[in-house]
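Please read them with the structure open beside you.

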Amino acid sequence: MNVIALSAGDPNVFDGESPDRTCRRPTRAELHAYPSPKPARCRALVYAGGGYLQLMHDKEGVEIAQWLNTLGLDAYVLVHRLPGQDGHAFDIALQDGLLAMNYLATLPPLPLLHVGLSSGGHLAGVMACQGESAGAVIAYAPLNANHRDHKFPPGKPDFPPPEKQAFYDAWPIGIASEPHGLPKCPVLLAYALHDAIVPVQHALNLIVAAQQHNLDVEAHVFPQAEHGFALRGLDGTQGQWPAMAARWMTAKLAR
């Protein structure tokens, strides 16, 4: 693993011990590079969740990157700064994501995938609305129903800090009536039907937009899954999702 600094600041410090490290106060944007052991057919930017309040670095970052390595992908885990923390702007995660894309653009050309879980899935959706990419894999992500005008359940309080709510309001992925709300690449969704933390309505909104605007969206909803299943909570039908995602990525990269 190689750490690539994308912005000024001290190196990031992680809380806890592997394999359960988190980053509660990112100090700079970093890419943690996990190269494939065989010639790579693609690069993946990996975005860990944590509600834009911290980053679940190992569970939803490193472990995802290592799984992608087994599929022949070079993986880069983005450690991004957090909205409202230490005075950062509401869209600091997007800014750091663009820094990551700019860095990868300096490397020999390869297709790019975005892979994100939970709030990292929201960021993957945001990045899928930027430049050209091969696709986005998004799991149990708050894509759109945290927007103040589209909340589910209705009346849900705004999220603190205000910058976090502002980021959700600026980037509701799948709400076609909002500016820049539609991904520019194919998307795979994996959601939990009874997820109380990120309701399945986030996925349903994007599915409706895909139907109306002829987007390439494949969606899987698992009745036994709980929020945060990642690659650990696979005791149920959601145990199929890594194989489904691998098949989908292979198909998109073959185009």
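1. Helices (H or I, at least four residues) and strands (E, at least two) are DSSP runs, numbered from the N terminus. The model is predicted: local features need pLDDT of at least 70, side-chain atom pairs count only at pLDDT 80 or more, and totals for chains, interfaces and linings use all residues. Residues are numbered from 1 along each chain as its sequence is written, and side-chain values use heavy atoms, with hydrogens and water left out.

2. Start with the cis bonds. Most residues other than glycine have a negative phi, and most peptide bonds are trans. The bond from S18 to P19 is cis, with omega near 15 degrees. P19 sits in the loop between β1 (2–5) and β2 (30–34). P160 and P161 are also joined by a cis peptide bond, with omega about -10 degrees. P161 belongs to the loop between β6 (135–139) and α4 (162–170).

3. Now look at phi. Y52 is not a glycine, yet its phi is positive, near 55 degrees. Find Y52 in the loop between β3 (42–47) and α1 (57–70). H180, another non-glycine residue, has a positive phi of about 45 degrees. Its place is the loop between α4 and β7 (187–192).

4. Are these two residues, Y52 and H180, buried or partly exposed? Buried means under 20% relative accessible area, exposed means over 50%, and partly exposed lies in between (1.4 Å probe, protein chains only). Y52 has a relative accessible area of 2%, so Y52 is buried. H180 has 42%, so H180 is partly exposed.

5. P26 is in the loop between β1 and β2. P26 counts as buried because its relative accessibility is 1%. Contact means heavy atoms within 4.5 Å. Leaving out residues up to four places away in sequence, P26 touches N12, L55, V79, H80, R81, L82 and Q85.

6. Next, the interior. A nonpolar core is a set of buried Ala, Val, Leu, Ile, Met, Phe, Trp, Tyr and Cys residues joined through side-chain atoms within 4.5 Å. The largest one has 38 residues, and L31, L45, L123, I138 and Y191 touch the most other members. A second, separate core has 34 residues, including Y34, I64, M244 and A245. Back to L45: residues that L45 touches beyond four places in sequence include L31, Y76, A100 and V115.

7. Helices α2 (residues 92–104) and α3 (residues 119–128) pack at an angle of about 60 degrees, with axes 10 Å apart. Axes are lines fitted to C-alpha atoms, for helices over the stretch in contact, and angles run from 0 to 180 degrees between N-to-C directions. The contact is made by A93, L94, G97, L98 and M101 of α2 with L123, V126 and M127 of α3.

8. How much of α3 is buried? The count is 10 of the 10 residues, so α3 is largely enclosed by the rest of the structure. Among the buried residues are S119, H122, L123 and A128. They pack against β3, β4 (73–79), α2, β5 (112–117), β6 and α4.

9. Finish with α4. Its buried residues include K164, Q165, F167, Y168 and D169. Their cover includes α2 and α3.
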